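Okay, everyone, thanks for coming. Let me put the structure up, and then I'll walk you through a few spots in it.

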Amino acid sequence: MNSSTLPDWSKIGRRIGKRLRDILRPPQDTGPTSKERNAQRLRDVLKGFAYFDTFDELLSWSPSDVDPVQQANTPLLRRSARSVHDCSKPSARLLLCHDYKGGYHDYECVRPGPNSEEWYSCEYLQYVELFVYFSHKLICCPPPSWINLLHRNGVKTLGTFIVEPQTPGIERMLECREGRYTAAEQMADMSNTLGFDGWLLNIENEFPDWVRPREKLTNFITALKHYLGPDKIVIWYDALTAENEVDYQNALTSQNAQFASRAGSLFTNYKWTMGKISESRTLASELGICCSRIHFGVDVWAQNTNMPGPPRTTYPKKGGGGTNTGLATNVLASEGFSAAIFAPAWTFEHFSTSPSLHVPYQQRRESIAKAVDRSMWEGSLLPSNLFCGCSQDRPHHTKYYQETPIVKSATEYPAGSSTYLHTDFARAFKQDKDWVMSCLGSQAILPHLLSVSAPASKAAKHSGARQVFYWQYDYGGLNIRLGAAGLPGEFQEGDPMAALTIDSSKPTISRLCLFKVNMAGDGSLQAIITYQSITAGRSCAVGIYTAYKTAYVEELEYKHHHPSSARCPNAVGVGARKSKQTEVIQLQAEGADAYLVEIGIFCQSMDYSPEPYSILHLSSLMIKPKSSKNLGFTIENFRTIERGRAPYIETRLAWTYSVDDTMWPLELPWSATTGPFSRFTIMVDGEDIGSAYCLEFPVRREDCHGANQVQARIVGHLFDGGTVNSVEITLSRKDLAPMVEDDNWSLL
């Protein structure tokens with residue numbers, strides 16, 4: 001008998017064993033009861049979260065059930081089709097699959113409370129193409145805070161549909177009535193209503209044999225793609241095979257190619273090898289599947305040595321994942337495939353996230369988790385006080401992590417779109433005197449990070465430079481500073497830096513890139529910078545530079561723009577600290593057909609100082625088309641309302657807006673829910689109590705700070721940089737519900 005006709009006894013054994021286990025010890029749901037789940041879901045709706053545990057919940061959902069705080073308002077920023085100008089080697093597209101402590105945490109909600117530590121956010125979004133919000137729910141929709149953050153940075157955001165072994169009624173997924181797949185229609189409506197960009201399909205359970213799922217599942221995927229529309233994404237996860245078995249292939253194979261082809265993308269399991277890559281390339285070529293649409297999984301947790309159960313493995317088999325995640329990304333880049341990094345928040349689960357709150361908040365340094373995150377992404381040196389529960393052989397201190405960090409081989413995308421960029425440099429967390437405050441949904445487009453695989457200050461010293469020119473985040477923007485090269489204790493290794501060689505007879509110019517972009521340099525755009533001059537006490541010129549590139553010309557064309565200063569013409573940083581100033585720069589190159597590729601800070605230092613000092617503070621940067629047209633918008637119908645379902649009710653501020661002129665520039669973002677407004681600041685008696693990304697915001701008795709009455713108003717922030725103020729209304733303390741410590745909601 002030909003060996004190809006012999007039965008695969010290993011597969012038969014696996015199926016028989018699974019059937020016996022299901023009969024003798026069926027999967028059990030040991031979590032909360034149905035009543036407890038329903039109560040939690042009602043509370044979570046008021047936090048802005050949307051998820052479903054059962055097919056009954058999925059199929060009974062309606063868009064009319066949506067609470068406004070569950071909807072994201074930020075439209076997806078359309079990145080430039082070109083890569084950054086200095087990309088000259090193969091790179092891998094990145095998918096991040098969020099799997100962080102079960103998901104749906106209070107720091108991600110519409111109005112988060114104070115925390116004692118930082119949680120996970122990603123500050124490397126210029127290297128990320130796709131982000132999947134992952135939780136162990138049947139239907140897992142990304143919170144609007146994540147969607148707004150990611151869309152602002154041009155990253156497409158996906159929800160997860162996951163069927164696990166304990167999920168009952170899997171056959172209901174494929175119910176088809178009058179030629180329409182009900183579950184697929186519901187999932188498409190959720191994506192379109194809540195404002196995210198598609199789904200990861202993760203089927204880790206087998207269908208009953210009578211379902212005959214192969215053709216039906218293929219049709220389901222096709223229908224879901226159709227219902228979503230051409231701009232949305234579906235990704236198939238490598239679990240269920242064409243033979244209706246959960247059998248991870250770790251590659252594109254005949255067992256998953258049909259589903260992956262219909263979906264348009266594949267997310268493989270994590271135990272791939274170079275042989276699997278070769279097999280995938282061959283099959284992808286035969287089927288006409290683009291290799292970049294195949295995302296090979298990388299399990300970041302695989303580097304740990306203290307995990308329960310069998311060891312987790314990923315590429316490379318020894319030491320893969322963790323700080324070596326960049327090794328897999330580097331291989332995939334060279335082979336033309338994409339990377340799916342699973343659980344990038346490993347750094348925040350496995351290491352300490354405390355920012356040392358006992359230290360005065362002006363002197364606090366980053367947490368261990370944040371430092372390890374930089375090591376994984378940038379290759380910076382691991383902290384000397386690194387401690388975790390792994391074995392004493394220090395599995396995270398490998399010899400490769402500094403040489404092959406993730407950013408070395410990940411595709412870097414230009415910041416902003418081809419016509420628009422706006423940032424106020426806000427990070428996802430702000431440190432107060434006693435707390436860490438979450439602002440996840442407000443994280444801005446953050447500056448380009450230089451590669452700092454070795455401390456930049458030491459590198460500058462070895463190169464002969466006498467000073468380093470660098471920026472640090474502070475509250476409300478970027479602080480631009482000068483300091484002596486090699487000065488101990490002043491720099492965190494993550495501070496982006498450029499070296500200055502001081503020569504008083506011929507001072508040199510040093511440039512620090514903030515953003516790599518791809519925009520027209522023909523004068524149709526302008527940059528608007530808000531800044532403050534800071535006392536330096538030294539002779540120092542600092543300003544904004546722009547860099548332009550023309551096709552077939554190697555060298556960049558630089559322009560240096562000196563913001564005005566009252567005490568020293570063409571210099572900033574000499575004289576007393578001033579109030580905020582605004583500078584408008586016309587973005588026009590000398591060369592024909594040139595385009596803008598960089599914008600940043602330049603410094604021309606005239607003397608040397610051993611002590612570090614600040615020279616400039618940047619508050620915001622906007623690039624947009626020139627326009628002299630003033631459009632009229634008003635905030636109106638400002639009032640209080642009640643939202644929720646008994647017994648969980650809360651009081652909210654609510655408002656509407658009106659448009660006097662509908663001719664909004666097509667080059668600027670426009671929200672489906674908030675129109676020209678990117679966000680709203682909520683002010684109570686002059687205090688900023690939070691930001692809203694819809695036309696409602698929860699208010700509580702604690703917002704009155706003991707007063708019987710307070711005044712509330714709304715400040716609307718337009719995508720074009722303008723602001724609109726509402727009228728004030730009076731809030732009475734007795735009409736507001738108190739915050740409940742356990743779940744933040746009032747049980748009335």
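So, helix 5 and helix 6 cross in a right-handed way, meaning that the near helix is turned clockwise from the far one by less than a right angle. Before I go on: this is a predicted model, where local features need pLDDT of at least 70, side-chain atom pairs count only at pLDDT 80 or more, and totals for chains, interfaces and linings use all residues. Residues are numbered from 1 along each chain as its sequence is written, and side-chain values use heavy atoms, with hydrogens and water left out.

Back to that pair. The axes of helix 5, residues 182-194, and helix 6, residues 213-228, come within 9 Å and cross at roughly 30°. Axes here are lines fitted to C-alpha atoms over the stretch in contact, with angles from 0 to 180 degrees between N-to-C directions. The two helices are therefore roughly parallel to each other, which is the label for angles under 35 degrees. And helices, by the way, are DSSP runs of H or I with at least four residues, strands are E runs of at least two, and both are numbered from the N terminus.

Who touches whom? On the helix 5 side we've got Ala183, Ala184, Glu185, Met187, Ala188, Ser191 and Asn192, and they meet Phe220, Leu224, Tyr227 and Leu228 in helix 6. Contact means heavy atoms within 4.5 Å.

Next, helix 9, residues 325-335. Is this one mostly covered or mostly open? Mostly covered: 8 of its 11 residues are buried, as in under 20% relative accessible area with a 1.4 Å probe, protein chains only; exposed is over 50%, and partly exposed is in between. The cover includes strand 2 (94-99), helix 8 (274-287) and helix 11 (368-378). Just after helix 9, Gly336 takes a positive phi of about 85°.

Most residues other than glycine have a negative phi, and most peptide bonds are trans. Tyr315 to Pro316 is cis, though, with omega near -15°, and Pro316 sits in the loop between strand 12 and helix 9. Ala646 and Pro647 are also joined by a cis peptide bond, omega about 10°.

Then Tyr552, not a glycine, has a positive phi of about 70°; at 87% relative accessibility, Tyr552 counts as exposed. Asp685 has a positive phi too, about 50°, and at 48% relative accessibility Asp685 counts as partly exposed.

Methods. Parallel < 35°, antiparallel > 145°, perpendicular 65-115°, else oblique.
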